[in-house]
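Work through the two exercises below with the structure open. Try each task before reading its solution.

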Amino acid sequence: MTPAIRVRGLVKTYPGKPPVEAVRGLDLDVAAGECFALLGPNGAGKTTTLEIVEGLLDPTAGEVEVLGLRWNADAAAIRRRIGISLQETRLSDKLTVRETVTLFRSFYPSGPTPAEAIAAVGLEEKARTYTDKLSGGQRQRLAVATALAGDPELLFLDEPTTGLDPQSRRQLWDVIRSVKGRGRTVVLTTHYMDEAERLCDRVAVVDHGKVIALGTPAELIARVGGEHVIDLDFDPTSTARPAPGEFEKLPTVTSVRSEGDRVTLTAAEPHRALPAVLDLVRAAGAMVAGLTTRTATLEDVFVTLTGRHLRDNEA
Amino acid sequence: MSPLWQLTLARLREFYREPAALFWVYGFPLVLALALGLAFREQPVPAAPVDVQTDPSDPAATEKLREVLAADPGLKVAVHDAATAKQRLRTSKTDLVVIPGPGGSAAEFVYDSTRTEGVLARNAVDRVLVRAANPSFPTPPEATVSEPGSRYIDFLIPGLLGINLLAGGLFGVGFAVGDLRVRKLLKRFAATPMRRSDFLVSLMLSRLVFTLLDVLLLLGFAYLAFDIRVRGSPLALAVLIAAGGAAFAGLGLLIGSRAKTLETVAGLVNALLLPMYVLSGVFFSASRFPEEVQPFIRLLPLTAVNDGLRAVMNDGAGFEAIGYPLLVVAVWGGLSFAIALRIFRWR
Ligand SMILES: Nc1ncnc2c1ncn2[C@@H]1O[C@H](COP(=O)(O)OP(=O)(O)O)[C@@H](O)[C@H]1O
Ligand SMILES: [Mg+2]
């Protein structure tokens, strides 16, 4: 079966002083029918990568195949078979939802009726509303409806839920799941790890223009050395603390990360690691302000791989 | 559901659903025409203000002179002492000060010889005095004429039509394209199988509709408010308006073809619009500019359109008068389109 996307050695350098190396040798394989996420912090090169694959930007170097076709030979054929939602588009304020979808539908030789496309994103009640009267989440769903207008085999969504409230995000996830349920391929970018984890079959973690990890969410989490995470918060006033190296020697502990007053451990078997952790703390005479255990997330994967958080504002 | 029709419809809807835009495009030119038409209404030449300076030593001579001059309806005579009269002359409250001589004659005229009004008042007073002294001098009969199409408003309306076509093309196409690019909608369109030609033709079609409305409104208004008619060939007028409108839309497309911000578009629009506003004979005739710059002014597309519109509307001309204007706008429009299509940026 032809892969939906095949990218080899992709490089994009924006000219300027100094030039910006947005993408630096990136490979990507997306199989038909899967939901694939590019996960990475702001400026990682996700949008640049996506727009090159979408035929909107020319790469500096590298090969791109979409649905087995190449942009320089089959641009028109590819455009008929893909659907796109850009990171930021302001659709015409004074057109209604129905008019907007009808306009985009007219560009494609086949596809759902405008009413069907609107129903697919759950905007039936807003069909006669001007787009400037829609909420952020509704606007984003309208953008997806325009992307669905040609019944695409391959759907690209660039940060579809950024800035949305939890309910709007869940509504959009439902839309994406139903697209995937009809056997379509979905490629999305996000810097929300829970989005990638819940929605997608495979995730490529992107940082500084490269894929630094690739796999199913479970595989990636397993790679940080254990599904379980222990967050240990020391009392800020207590200066006596065990050294990070001492935690590493404890049973089943696979990694230790120290950040301010918090030490984060990953452990394969928390029931064996926890008592040892507490013994160590007690022996060092340290005061503990809090202790929680949780299952590992892609956020932990990213921090373990890069030492940084996905979003700057998260401590 | 043809894409060309849908794109055109979208442009029309976006426009007529913005009431503020509607006023500036359609209402404002009418308000302007009305205001200027009223301000420059045809009026009889007003009587010239003339002061007789009092001669304290001979009040009878002063009064006699006043009487002679006041008999002429073309003069508005007042009597003032020397200081006041001088002050009134300096502030243009009077055009001429006459110092009385013996027996109702004038001893001296005081006026500003660089002011038309001063010279006219001097001539008028002189004529009254000469005629008063020679009552037997024959007076020829007078016949006044009023040529249709020679009022200021007759001159103004074609100029407003021309500048409307230009502003409509520059804003209506240039701004629209710039705005679509800023909103990333051009990029979004470029990601679909939409035919690029459909998009460009839809811009032209929507301009055509707006222009048609604009022209009909302005001409209808001019007819109702000022009884202005098209005296020449309506077909020639329509052809010239269509060609001019298309050329100006091409200029607009060129302006919007690469601009990444609306500020850039605004700057370019003004850079084109303002010089032609002044040079191309919208509010006053372009022939007032020095001879040396006339060849340049005649090459401007708005000058050509305005000259053609005036020839057809006011001078009753037909196709023979619009050959040169058509040539000029064809060159401007053709070049603009060719360059715009070559350098057009979709993102
Ligand atoms: N048009 C451009 N010109 C110059 N630099 C750009 C341009 N677009 C993006 N960049 C830079 O390229 C890098 C990657 O950007 P982007 O692909 O938008 O990242 P992401 O979508 O992951 O946030 C960033 O450093 C960004 O500032
Ligand atoms: Mg981005």
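**Exercise 1. The ligand shell**

Which residues surround ligand 1? Then find its backbone contacts and describe the shell.

Solution. The model is predicted.

Step 1. List the shell. Ligand 1 is surrounded by A:Y14, A:V20, A:A22, A:P41, A:N42, A:G43, A:A44, A:G45, A:K46, A:T47 and A:T48.

Step 2. Look for polar backbone atoms beside oxygen atoms of the ligand. The cut-off for a polar contact is 3.5 Å. A backbone N or O atom of A:A44 lies 3.2 Å from a ligand 1 oxygen. For A:G45, a polar backbone atom is 3.0 Å from an oxygen atom of ligand 1. For A:K46, a backbone N or O atom is 2.8 Å from a ligand oxygen.

Step 3. Check the cover. On its own, ligand 1 has 560 Å² of accessible area, and the protein covers 61% of that.

Step 4. Assign elements. In chain A, β2 (20-30) and α1 (46-53) each give two or more residues to the shell. The largest share, three residues, comes from α1(A).

Step 5. Sort by class. The shell has five nonpolar, five polar and one charged residues.

**Exercise 2. The partners of a strand**

Which strands of chain A pair with β12(A)? Is this strand mostly covered or uncovered?

Solution.

Step 1. Take β10(A), residues 228-234. Six bridges join β10(A) to β12(A), and the two run antiparallel. Here A:L232 stands opposite A:V263.

Step 2. Take β11(A), residues 253-259. β11(A) also pairs with β12(A) in the antiparallel sense, over six bridges. A:S255 stands opposite A:T266.

Step 3. Inspect the turn. β11(A) and β12(A) form a hairpin with two residues between them. A:G260 in this turn has a positive phi of about 60°.

Step 4. Judge the cover. β12(A), residues 262-267, is mostly covered, with five of its six residues buried.

Methods:
Residues are numbered from 1 along each chain as its sequence is written. Chains are lettered from A and ligands numbered from 1 in the order in which they are written. This is a predicted model: local features need pLDDT of at least 70, side-chain atom pairs count only at pLDDT 80 or more; totals for chains, interfaces and linings use all residues. Side-chain values use heavy atoms; hydrogens and water are left out. A residue is near a molecule or strand if one of its heavy atoms lies within 4 Å of it. A polar contact is a pair of N or O atoms within 3.5 Å; within protein, one must be able to donate a hydrogen and the other to accept it, and residues adjacent in sequence count only if both atoms are side-chain atoms. Accessible areas come from the Shrake-Rupley method with a 1.4 Å probe; for residues, only the protein chains shown count as cover. Helices (H or I, at least four residues) and strands (E, at least two) are DSSP runs, numbered from the N terminus. Ala, Val, Leu, Ile, Met, Phe, Trp, Tyr, Cys and Pro count as nonpolar, Asp, Glu, Lys and Arg as charged, and the others, Gly among them, as polar. Buried means under 20% relative accessible area, exposed over 50%, partly exposed in between (1.4 Å probe, protein chains only). Two strands pair if DSSP finds at least two bridges between them.
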